[in-house]
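Work through each exercise, then compare your steps with the solution.

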Amino acid sequence: MHMSLAAGFFAGAAGLLAHVADILTCYSARPELEELFHGPGDILDFHKASTMMAKKNIWELAAGHVLALIFIPSGFAGTCLLFKALRHRYRWLRWPLVVFLFSFYVAGALMHCSFTFVGLVASAPERGHVVPPGLRDDLKPFFEIICRLVGELAMLPGCIFTFVLLAFGMTQLPRWTALFTPGPLQLAVAVVAPYMPLSVRMYMLVTIYNLSSGIWHLTMAMAYWRCGFEKEPSKE
């Protein structure tokens with residue numbers, strides 16, 4: 001189980017580094033963003049995202065892109081701990097869980113790439129380049145389809161699934177770890193962010209997806225490291 005524990009801590013660290021990628025690629029707290037950004041859904045809007053990244057320089061976009069491609073998929077390593085933690089009667093969920101989380105983390109990297117593309121186009125005038133006519137119109141559906149699929153349609157059932165998995169005792173990890181799955185963390189940001197100062201709000205909105213993944217994996221790894229797995233109930 002030492003390998004599973006190491007994988008959990010590695011996935012947590014990967015989530016934290018992926019959140020650095022989010023900051024490099026997306027974060028901005030310019031005053032004109034005050035009225036545009038209030039909740040997590042706002043960063044998935046093409047025009048708002050373009051405004052947010054209009055002042056980004058090329059090294060920020062490049063560094064964020066490299067970090068995202070390395071560390072967002074690396075979050076999949078945390079599946080190893082969950083794979084081992086499932087109780088015997090739920091072992092049939094192992095491979096569906098592996099396929100789901102693998103697909104989700106790869107799609108997350110693709111979603112970040114789409115932000116990089118938008119940032120390159122949005123910041124081109126700032127670097128003295130002319131954006132070809134029609135390019136923004138072509139990029140808009142590409143960006144919004146990927147973001148809606150990953151950030152909304154896949155995120156909701158994924159958050160519910162991971163919360164239920166831990167909260168209902170389907171794993172041998174403590175049930176309180178369900179509070180630190182991505183769902184509750186993202187819900188907390190959605191509730192609190194509108195009341196935060198712009199700089200804090202923008203940090204919360206652009207980082208919550210990857211940061212919540214990192215916190216989740218670190219929580220599970222710490223829980224296992226400190227408490228171990230709960231014993232399986234004896235069979236009658």
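**Exercise 1.** Find how much space lies in the second largest cavity, and which helices line it.

*Solution.* Start with the volume: the second largest cavity of this predicted model holds about 40 Å³ of space. A cavity here is a set of points on a 1 Å grid over the protein atoms alone where a 1.4 Å probe fits but cannot get out, and lining residues have an atom within 4 Å of a point. The volume is the space filled by probe spheres set on the points, which are joined across faces, edges and corners.

Next, list the lining, which includes A11, A14, F71, Y105 and N210. Then turn to the helices (DSSP runs of H or I, at least four residues, numbered from the N terminus). α1, α3 (58–74) and α8 each supply at least two lining residues, and α1 gives the largest share, four.

**Exercise 2.** Describe the largest cavity by volume and lining.

*Solution.* First, its volume is about 390 Å³. Second, 25 residues line the largest cavity, with F104, G108, M155, Y209 and N210 nearest its centre. Third, α5 provides the largest share of this lining, eight residues. Finally, sort by class: 16 are nonpolar, eight polar and one charged. Ala, Val, Leu, Ile, Met, Phe, Trp, Tyr, Cys and Pro count as nonpolar, Asp, Glu, Lys and Arg as charged, and the others, Gly among them, as polar.

**Notes.** Residues are numbered from 1 along each chain as its sequence is written. Local features need pLDDT of at least 70, side-chain atom pairs count only at pLDDT 80 or more, and totals for chains, interfaces and linings use all residues, while side-chain values use heavy atoms, leaving out hydrogens and water.

Conventions
1 Å grid on protein atoms, 1.4 Å probe; cavity = no way out; pocket = protein on both sides within 12 Å on 5 of 7 lines; lining within 4 Å.
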